[in-house]
Amino acid sequence: MPVLEVRGLSKDFGGLKAVNNFNLTLEEGEIVGLIGPNGAGKTTVFNLITGIFPVTSGEIRFLDRSILGLKPYKIAQLGIARTFQNIRLFKQCSVLDNVRTVFHPKIKYGLVDAILHTRRYHAEEERVTAMSMALLETMSLADRAEMQAMNLPYGDQRRLEIARALAGEPKVLLLDEPAAGMNPSEVGKLVELIRFIRNHFQVTILLIEHQMGVVMNVCERLEVLDFGETIAAGRPEEIRDNPKVLEAYLGKGVTVA
Amino acid sequence: MKRKYNQTLVILIGAAVVYGLLKALILTGMIGDYWQLILDEALITTIGALGLSIIYGFNGQFSLGQAAFYGMGAYTAGAITKAYGHGNWVWFAGALIAGTLAGAVVSYLIGRPILRLRSDYLGIATLGFGIIVTVLLNNADKVIPILGGAIGMTGLRHMVGFDLLFLFTVGSIFVVRNFIQSSPGRAVVSIREDEIAADAMGIDTTRYKTMAFVLGGALSGLAGALYAHRYPYLNPSSFDWLQSVNFLLIVVLGGLGSITGTVVTAIGWVFLLEGLRFVLGQQFIDFRGVIYAVLLVVVILLRPQGLFGGKEIGFLRPPSVLKPALRPGKENSHAGIGG
């Protein structure tokens, strides 16, 4: 049974077809890349899957259950987490609080416990803090737990955003250009990190990425979008030499020596 | 992660010491009747401003109508005491609860439809709501004569003094701090930081925006209810949009997202306004407006993040969870990419 199944997904913005008849099946534990030139509709696909935009037509099934029309927070709670292209951390909060916030649905105390700081509050806070610190430890951020998120170096901010997404214990993780703005050595670490996350947290990963170094290294399957439509799909080495893909990226009439 | 031992006890002792000092000053006559009146007003304003601090400071929802909840609380509590209470303490307790609930219920009813609006639009909607409430209060005597309408409600009993106000202020500070340092509190703050990200991380933003709005409305309602039992007279003009702006200035000047800032600025603000009355003398009293406007401009120019800029002091600061060895020192807090 596929973890995530997208059938005939379309999205119109006025007259613009941002995504047109897009299909995708994610099997458990896969790392799949979603690539394509700028404006191809990749981020729109993420926004449709996570419920930020309403879908024009098509079907999205998560663990064999339709998630169309659910609010973003519901979809997130079901187990689809994401990061953003332009990092969206809770900037003024501490690194720890960025992660702790996401454990929110698992907290077993009410507003009264919160206001009176009852014994149950203390027990639960201790549990959640321990879980969050463990997660930060795995992501090598533990020693910065009390820094404000916005004061982290860029690479750490990206990693914190992934850590925050993982705090929701997702089945599917959507990464939107995780390597954007990173230097080659950071990119190398990122590739390892993505593999590590898949193995350690047992998540299925769908990632958008422009840096071919990441895509070719880490993805087991690629899906190429152009003008909202899938123009190619397959293993990275097949995609690399696909004339349609080259055309989408480089234009017509280009010969690759 | 070991909590500081008996933090609560230390705070209670601290509060008791402050109380003792102020009380001694009052009893020895160092704080005269007039200044006691100002002190009480400062405490009431603190509670009211804490309400807005939750809504705007911590939840990031721009509200220009906080005085409406304050007024609803004051009029509800005042009417109950005037009509039924007549100085009875049970009725008084009931009036305080009713005033708080009035603030909560009204903020829920108004919050549900308008909280979907963002920033400026929400500001306009809350401003409109505040004006509606003032108009309603001005004409309320046509329906319920006891409310007094534009002339104001008179004949209220002086039932709360410094002691009760101090208790309620400390209590309110505790409630806000405990709330903010809890899981729902973190959800509320995450919405201020980035609503889309909060939504995508599984936070029910509508629910938590409403929660913050209702909690803030309830606190301001409580402040109003206390006001109605401190001063003998309620007038709609005490709860108009200028009062809303007052709360807003306090929260912004203190620094958004800082309980310390709100409390210090609320008290400082009330004393500043009254202090200027003395410094300037009766002839120049009108210059007060100029002076505090200039002060406002200077503070915002020099410290746009507010006096406390989201920082807290003492027990309001969230407890540390790091072992000292792991705590980043100044020299390595900006180290390069780690691990």
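This is a predicted model: local features need pLDDT of at least 70, side-chain atom pairs count only at pLDDT 80 or more; totals for chains, interfaces and linings use all residues.
Residues are numbered from 1 along each chain as its sequence is written, while chains are lettered from A and ligands numbered from 1 in the order in which they are written.

Chain A has an open sheet of four strands, in the order E2-E1-E4-E5, with antiparallel pairing. Helices (H or I, at least four residues) and strands (E, at least two) are DSSP runs, numbered from the N terminus, and two strands pair if DSSP finds at least two bridges between them. Strand E2 (16-26) and strand E5 (65-66) of chain A each have a single partner strand, so one side of each goes without a neighbour in the sheet. Two bridges hold the antiparallel pairing of strand E4 (residues 57-62) with E5(A), and A:Ser66 in E5(A) is the bridge partner of A:Arg61. Helix H1 (residues 42-49) of chain A packs on this sheet, touching strand E1 (4-13), E2 and E4, and its direction makes about 65 degrees with that of E2(A). Contact here means C-beta atoms, placed from the backbone, within 7 Å; axes are lines fitted to C-alpha atoms, for helices over the stretch in contact, and angles run from 0 to 180 degrees between N-to-C directions.

The other sheet of chain A is open too, with six strands in the order E6-E7-E8-E3-E9-E10 and mixed pairing. Its edge strands, E6 (80-82) and E10 (229-234), pair on one side only. E6(A) runs parallel to strand E7 (residues 172-176), with three bridges, and A:Arg82 stands opposite A:Leu174 in E7(A). Helix H10 (residues 243-250) of chain A packs on the sheet as well, touching E9 and E10, at about 130 degrees to E10(A).

Over in chain B, the axes of helix H2 (residues 33-58) and helix H11 (residues 259-280) come within 8 Å and cross at roughly 140 degrees. H2(B) and H11(B) are therefore oblique to each other; angles under 35 degrees count as roughly parallel, over 145 as roughly antiparallel, 65 to 115 as roughly perpendicular and the rest as oblique. Among the residues that meet are B:Ala42 and B:Leu50 in H2(B), and B:Val263 and B:Phe271 in H11(B).

Key:
Two residues are in contact if their C-beta atoms, placed from the backbone, lie within 7 Å.
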